[in-house]
Amino acid sequence: MTPAPYSALTPDLILDALESLGLPCSGHLLALNSYENRVYQIGIDDGAPMIAKFYRPERWSNAAILEEHAFTQDLAEREIPVVAPLTINGKTLHEQSGFRFTVFPRKGGRAPELDQAQTREWIGRFLGRIHAVGQLSEFKHRAHLNLQTFGQDSLDFLLTNNIIPLDLAASYQQVAEQALEGIASCYNRAGAVKAIRLHGDCHPSNILWTDDGPHFVDFDDARTGPAIQDLWMLLSGDRSEQQNQLADILAGYEDFCEFDRKELHLIEALRTLRLMHYSAWLARRWSDPAFPAAFPWFNTSTYWQDRIAELREQVEIMHEPPLWSNESTGHIRIDDEIDPPYWDM
């Protein structure tokens, strides 16, 4: 039997790892909420606690991890508020007993108040700065976000490994294939859009707020994709509410980075890809004991019935016009970059 990926990651190993870098640990160890990797707050003698992240074995190559580190350090050097890894003994990536790990400074904060227009605009300004830097170079070793990697590969994994209950597998496959067609149509409507280096998982929990404003954490899913990927997960509520939220975010964003309006066609396509990828992610991680304990509903018929209904809804939504705000908002305008039929309200 293959051992669980973190079965050998004991408290003693964790403390020894930091001690090996010359960091005198106090013995205080607090596990933080993380499923993909293992992340701990570790007490340091006569100093502030530090955060240590132990990477899931075999997920990223060393080169891919170092690209993430270089990206975040570049952002931090430009005074963009991200939490970048510490360079210790000339390195950001370290190894202890077969586990790769990185050390970060501890940065506190609270959830951003996304119901406030000023907060949304502030976050938009920093996302614009992040993307302006993201366009300056390319990832060579990190994954791309596209229909194949998040969509088709996810469906293939679920079907090949017989993850879906037999009585629901055909229904899921049918609606998933319809969803992939809808996603392809959204990309066709958007046309050629630029793929840049992204945060990749920019949901509200990865933004911490202080009196000085936001800072962005957890670039573990940094990858190449369209800029809108880092914006749409900040939207919530009904269509009108999302339009206003997006207008505020872009008002700040475009102070530093031009936004291609054609990418608005991709919002629901990217949401659908995330839904498909999430189910496959759970399936790929099911051998990790942390996953059955945290997600006991995953391999139930109810879960897959809900996913089928969810994808059916997304198929319908992808036929609708993309989000927009009229000129009365003072932000987003309809212009010649958007194919007019898809803006017919």
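**Stop 1: helix 5**

Select helix 5 and colour its buried positions: Leu-168, Ala-169, Tyr-172, Val-175, Ala-176, Ala-179, Leu-180, Gly-182, Ile-183, Cys-186, Arg-189 and Ala-190. This is a predicted model. The helix runs over residues 166-190, and its 25 residues reach 36 Å from the first C-alpha to the last, close to the 36 Å expected at 1.5 Å a residue. An α-helix has 3.6 residues a turn, so residues three or four places apart point the same way.

Then step past the end of helix 5 to Gly-191, where phi is positive, near 75°.

**Stop 2: helix 2**

Select residues 62-77, which form helix 2.

Which residues of helix 2 are buried? They are Ala-64, Ile-65, Glu-67, Glu-68, His-69, Phe-71, Thr-72 and Leu-75. Show strand 3 (47-54), strand 5 (99-105), helix 3 and strand 6 (196-198), which are included in the cover over these residues. Glu-79 follows helix 2 and has a positive phi, near 60°.

**Stop 3: Gly-124**

Select residues 117-134 to show helix 3, and centre on Gly-124 within it. Is Gly-124 buried or exposed? Its relative accessible area is 0%, so Gly-124 is buried.

Leaving aside residues up to four places away in sequence, Gly-124 touches Ile-249, Gly-252 and Tyr-253. For a distance check, pick Leu-32 as well: Leu-32 and Gly-124 are 92 residues apart in sequence and 27 Å apart in space, C-alpha to C-alpha.

**Stop 4: the whole chain**

Zoom out and show everything. The chain has 10 helices and 9 strands, and its C-alpha trace spans about 65 × 50 × 35 Å along the principal axes. A compact globule of 345 residues would have a radius of gyration near 20 Å; the chain has 21 Å, which agrees.

Colour by burial next: 49% of the 345 residues are buried. Among contacts between residues at least 6 apart in sequence, 71% join residues at least 24 apart.

Finally, colour by charge. There are 29 positive and 50 negative side chains, and the centres of the two sets lie 3 Å apart.

How values were computed: Residues numbered from 1 in each chain as written. Predicted model: local features only at pLDDT ≥ 70, side-chain atom pairs only at ≥ 80, totals over all residues. Heavy atoms only, no water. Helix = DSSP H or I, 4+ residues; strand = E, 2+ residues; numbered from the N terminus. Rg over C-alpha atoms; globule rule 2.2 N^0.38 Å. Buried < 20%, exposed > 50% of the residue type's maximum accessible area, 1.4 Å probe, protein only. Contact = heavy atoms within 4.5 Å. Lys, Arg positive; Asp, Glu negative; His and termini not counted. Charge placed at Lys NZ, Arg CZ, Asp CG, Glu CD. Expected span 1.5 Å × (residues − 1).
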